[in-house]
Amino acid sequence: MTDPALLSARALAGLYARHALSPVEALEAVLARTRRLNPRLNAIIALDEAGARAAARASEARWRAGVPLSPLDGVPLTVKDNIAVAGLPCAWGSPLFRDHVPERDELPVARARAAGLVILGKTNVPEFTLQGYTDNTLFGPTRNPWGLALTPGGSSGGAVAAVAAGLGPLALGTDGGGSIRRPASHAGLVGLKPSPGRVPRCDGLPAILLDLEQIGPIARTTGDLVALLSLLAPADARDPASRALSPFTVPPVPPRQRILFVPRFGAHPVDPEIAAATAIAAAQLGGLGHAVEEGEAPFTVEELAALFAPVSQAGLAWLLAERGGEPEAPMLREMAAAGRALSPQAVFAALDGIAAFRRRMAGFFQGWDLILTPAAAALPWPAEQVAPPVIDGQAVGPRGHAVFTNFANLGGLPGIALPCQPSEAGLPIGFQLVGPAGSDALLCAMAAEWEAAQPWADRWPELAGP
């Protein structure tokens, strides 16, 4: 048999159902890979071997009795270290939360646990999950399985590194400005930033990015992502936004879509290999029968920055005022200082601007069904470096690699990152599809159609391959 750690979540569950493999055997295979690879990757920073083994034994008994809790009972899962797991550290990448151990699971974790998934542990993040790479003074940098000198991006860098290396087929991440979609693109995975409310939340850390940040699934295959999202998606009264959405049901075949392909935002630079791979993906989607038309974004990078910056700055300043202390990362100290200097009028102007932007994007999607862009403007850069200073020969700021994603967060829109043609050196490249609020199921159907036409699940980094 293939190493169980290389199997998809649904393949594992199929073997459990036929009694051809047990959850205990699958877990031990994943733990063996974790012992071998995690010291080089630094993806998992809190491993719960005892808890995982107990959960796997309980799952094995349920499968033997024919009463699994869900289709994913016994499947290993990692959880990003800004999502609360009862009894495990939740350091948020910061010394200020070094000793924080939640007593309760955040709701998506509670639902995964109730569905029988085996929680392996917590994955690494940058401090307060506010940067686009994954490093901090507590645990150090996470490295990309596709190139150990490189970052997997952030802030869900530990999550994607774990899945890409076979340290569990599924991960829970968060996306407040692209923190699932960009890392997924850097690691050759599929990752969804859901609509607000699609994955209900409660009992978590302070929401310093308000509803711009959502919890979402990361997986090697679309089928696995959909299977996990189906368990997380039912509405919950404690998250009112969840009750405004229709049930999560993925159509077997997506209808023909009107797709606006935006290869770049204004004059902002894009790595030439990313630009070429995304253009090929756009043409291939056209070949699948969708109407793809190249055009300009209905907003500017400057407009988005003016809306996003006050929320992130004020949110961090508020958290530090409540908690006490200062961030370790110099960039975050500057962000906090900017937040303290903001006037109430400036904060409310940004919130009012975000509301207006959401109305404008709702109107935009009366004429289009989806937007297609690159998921990131740069290929992975050195793991200890905050951001690439130059893209395609042009100097960029610390968010220059991240320009394509935060419009979905500001707009309250779902977005999905999908692998496309890799770089000449073999590094993964991803593109994203963004749809109107509530179109998560449509995006998953598009992802399934794309994966059937352009499969990627057999691509493994040399470090982690068969």
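Tutor: Let us begin with a word: buried means under 20% relative accessible area, exposed means over 50%, and partly exposed is in between, with a 1.4 Å probe and protein chains only. Helices (H or I, at least four residues) and strands (E, at least two) are DSSP runs, numbered from the N terminus. This is a predicted model, in which local features need pLDDT of at least 70 and side-chain atom pairs count only at pLDDT 80 or more, while totals for chains, interfaces and linings use all residues. Residues are numbered from 1 along each chain as its sequence is written, and side-chain values use heavy atoms, with hydrogens and water left out.

Student: Ok, so how many residues of α13 are buried?

Tutor: In α13, 11 of the 14 residues are buried, and the helix is mostly covered. Among the buried ones are Leu442, Leu443, Cys444 and Trp450.

Student: And how far does α13 reach?

Tutor: Helix α13, residues 440-453, reaches 20 Å from its first C-alpha to its last, which is close to the 20 Å expected at 1.5 Å a residue. That expected span is 1.5 Å times one less than the number of residues.

Student: Switching to strands, why is β12 largely enclosed?

Tutor: Strand β12 (residues 415-419) is largely enclosed by the rest of the structure because five of its five residues are buried. Gly415, Ala417 and Pro419 point one way, whereas Ile416 and Leu418 point the other way. In a regular strand the side chains alternate between the two faces of the sheet.

Student: Which strands pair with β12?

Tutor: Two strands pair if DSSP finds at least two bridges between them. Strand β5 (residues 190-193) pairs with β12 in the antiparallel sense over three bridges, and leucine 192 has isoleucine 416 as its bridge partner there. Strand β13 (residues 430-434) also pairs with β12 in the antiparallel sense, over five bridges, and there phenylalanine 431 stands opposite leucine 418.

Student: New topic: how many disulfides are there?

Tutor: A disulfide is a pair of cysteine sulfur atoms within 2.5 Å, and by this rule the count is zero. The sulfur of cysteine 90 is too far for a bond, because the closest cysteine sulfur, in cysteine 202, is 14 Å away. Cysteine 420 is in no disulfide either, as the nearest cysteine sulfur, that of cysteine 444, is 18 Å away.

Student: Is cysteine 90 buried or exposed?

Tutor: Cysteine 90 counts as buried, because its relative accessibility is 1%, and cysteine 420 counts as buried too, at 3%.
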